[in-house]
Amino acid sequence: MIAIWYAVVSFMLIIYVVLDGRNFGAGMLQWFVAKTPEERRQVIAAIGPLWTWHEVWLLGFGGTLMAIFPRLMASAFAGYYLALFLILWCLILRGVSIEVGGHINDRLWQGYWDFNFVLSNLLLAILFGAAAGNVARGVPVDAQGNFSMAFFTDFNVRGHVGLLDWYTVSIAILAVVMLAAHGATYLTLKTEGPVHDRCEIWAKYLWVAVVPLLAVVLIESRIVRPDLPGRALFNPFWWIGLIVIAASAFTLLTGLTSGRELRAFVGSSFLIVGLLATGAAAIFPVMLLSTLAPENSLTAYAVASSSTTLIRASFWWPIGFGLAVFYFVFISRRYAGKVSVRRDTQGFY
Amino acid sequence: MNSIFNDPGFWHRLQFGFTIVYHYLFPQLTMGLAWFIVYWKWRALRTGDDKYNQAVRFWAKIFGLNFAVGVVTGIPMEFQFGTNWADFSKYAGGVIGQTLAMEGMFAFFLESAFVGALIWGEKRLGPRGHFAAAIAVALGSWLSGYFILVTNSFMQHPVGYQIEANGSLGIASMSAYLLNPWAFVQFAHNQLAAVVTGAFVVTAIGAFYALRGLHPVQARLYLREGTFVGLIASLLVAFPTGDQQAKIVGNHQPITLAAMEGKFEGGSMAGVALIGQPNVAAQRLDNPIEVPGALSFLAYGHFGSFVHGLNDFPKDQWPDNLELLYYSFHIMITLGTLFIVLMGFATLQNWRGKLESSRLLLWVLLLAFPYPYIANTLGWMTAEFGRQPWLIYGLFHTRDGYSKVVSNGDAIFTLIGFTGLYFVIGLLFLGLTGREIGKGPKEPAVATIISEPEREAMLV
């Protein structure tokens, strides 16, 4: 039961990262792939009218985490206090720059909001990447299950660690490059004209850059967490994750080389799903590793709600999920196809 | 050294209070406007009269701006349960996390999937699809209200829970939790109050255009329907929903009722103070003008009913800010009464055909729109200050709930950050809303002259 809920909660976060990750990626590339104001609005139109829908996955994740693993939610959110507020403020800035930019047809106004848009997306990719690095490395959880930490300490990965060290920074860099590649792949699919042509080139270079970075992070992970994969070898999800990685890497590669844009985007999305799922399966059941003492670590079993509460939640969650998928399928068909500058600019109205 | 800087609980409360009050300025309008938009779209489908479609397009833009600010200011709310109220989340997360997650899964997915379609998708969806999108958005926004009110009702009147082996709370009965009687009363009262806000804003813009002599057809529509809906909703907010709300408080939180009314001594024939200032040090209401027996009657149904005073309870169970609670409640009631009078008079004048010619009344209707926001905010302050000193009434103290690991300075820092950020957002919101109001609803005559691609760019 707890393992299933661990999978569900991870799944919600992974969906969020894949969906909004493409927005982060597309957003931070906006300056590079779109030169004229019209082209820049095209990038925003590609992120489109569903960005709030993507953010709901983050909200759904937060609420579900609170219901199922309340003690983890409390420790982690309070422990990451300032970092989390940076994420929230960047999300606010990103949302405002999407909504506000198109309202006034003025170059200076739009340039200013485009700047905020690019910056907030870049920061979000860095922050989420560093957060993932922190979960993988562990945080200084004390005997009461609490922690608080500085932005950085001595950049070492053991003991009293900070939010940033050489390991979490390298994961943040990987996240930036990979989400940019993901975003470029998405923009290739959704746009036409010069933006499309530039994105096609960017996507190829960025995905090539992902390969060595990913290799470095894997080697680093082996040093930081020598205990992994360990138990994960017996976890079917870990193996499924590996298969997804292999299959989606192949799909992505063939999609990119043959110019089949949808295929490349599906491959890129599932590659991120596979990587994150493998990571989530590898660390299970430890949700927050303590860098101070292993016995302080918060495991899914220790932080979960009671089984009666989990059973109650199992009734409504699948219904909510089914409805969410239904709305998405219904509405995304209406937005299918490439965005057109004339029809979908989401501005100048 | 004992100053507020050493009292972290204060800063966590202030930050949550500030961010939630600010956030709720936007959803109250979207929840109120949503059904106006549904109604106009329905009228457009039924009558084929383009004025209704113009109204939908115009108000969908205003809705969109409010929705966007509501989203960006709403996301921090859920996360603050963990960041600022970690000990509360540890204790009650298994219960309240359920409805917070449901809000996302059932309400926000629905609302956010269709809101883009409502604002930009008229062409892509066609008239029926556009109508369906309006309904989906309205349902989503009201559902999210319900889940939040269930969460709040659990804090006011906990039901359906059990205490687990580790001392935290879990769900014993999901139906008891979701069907909390407190939530029904609060939902009815709160949603109607949101409709009051929506109606006042619709009326105010109608009055603005009428005073300016702009968009006469639209102005008439907004004035006629805004004042009528405003009257009905204002009446229903007071009775039966406000009355029921007071009764449920009287039954389950008698200390709160005494504090709301500034009643220090209990007794039968308890009155309602029309005017008076609570003097906590002297434990009396200064210069009161009371309607005798009114409180006994309103809360318990008989003029002779006994109403508890604050002195019947130990002082550590009193709400910790009596004056603010008292003023919040009384100003809310006063404003609610004035809303009925104003909208009643405006409806009467409209019926007599004199609404649009009375510039004075139009000015009053224009300037009245901020007051429902104030009344809504004060209503929530009454609910939340009245709940003190409890975070979950009778179960869990507010002072036990905040994050002990978060330092004071961090909480003050983020509060200042929110203040600055929300100030800028407020300016942007007002500026852009003002622009949209200035542009106004599109007249059909204009739309037929311009070329097709231009028209498309305008409408989409």
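## Chain B at a glance

Let's start inside chain B: 53% of its 460 residues count as buried, meaning that 20 or more other C-beta atoms, placed from the backbone, lie within 10 Å of a residue's own. This is a predicted model, where local features need pLDDT of at least 70, side-chain atom pairs count only at pLDDT 80 or more, and totals for chains, interfaces and linings use all residues. Residues are numbered from 1 along each chain as its sequence is written, while chains are lettered from A and ligands numbered from 1 in the order in which they are written.

## Overall build

Chain B has 15 helices and six strands, which are DSSP runs (H or I, at least four residues, for helices; E, at least two, for strands) numbered from the N terminus. Its radius of gyration, 24 Å, is close to the 23 Å of the globule rule for 460 residues, so chain B is as compact as a globular protein of that length. That radius is taken over C-alpha atoms, and the rule is 2.2 Å times the number of residues to the power 0.38.

## One buried residue

B:Ile333 sits in helix α10 (residues 322–351) of chain B. With 20 other C-beta atoms within 10 Å, B:Ile333 is buried.

## Where chain B meets chain A

Here 59 residues of chain B are in contact with 56 residues of chain A; contact means C-beta atoms, placed from the backbone, within 7 Å. On chain B's side, α3(B) gives the largest share, 25 residues.

Technical notes: Contact = placed C-beta atoms within 7 Å. Buried ≥ 20, exposed ≤ 12 C-beta atoms within 10 Å, placed from the backbone.
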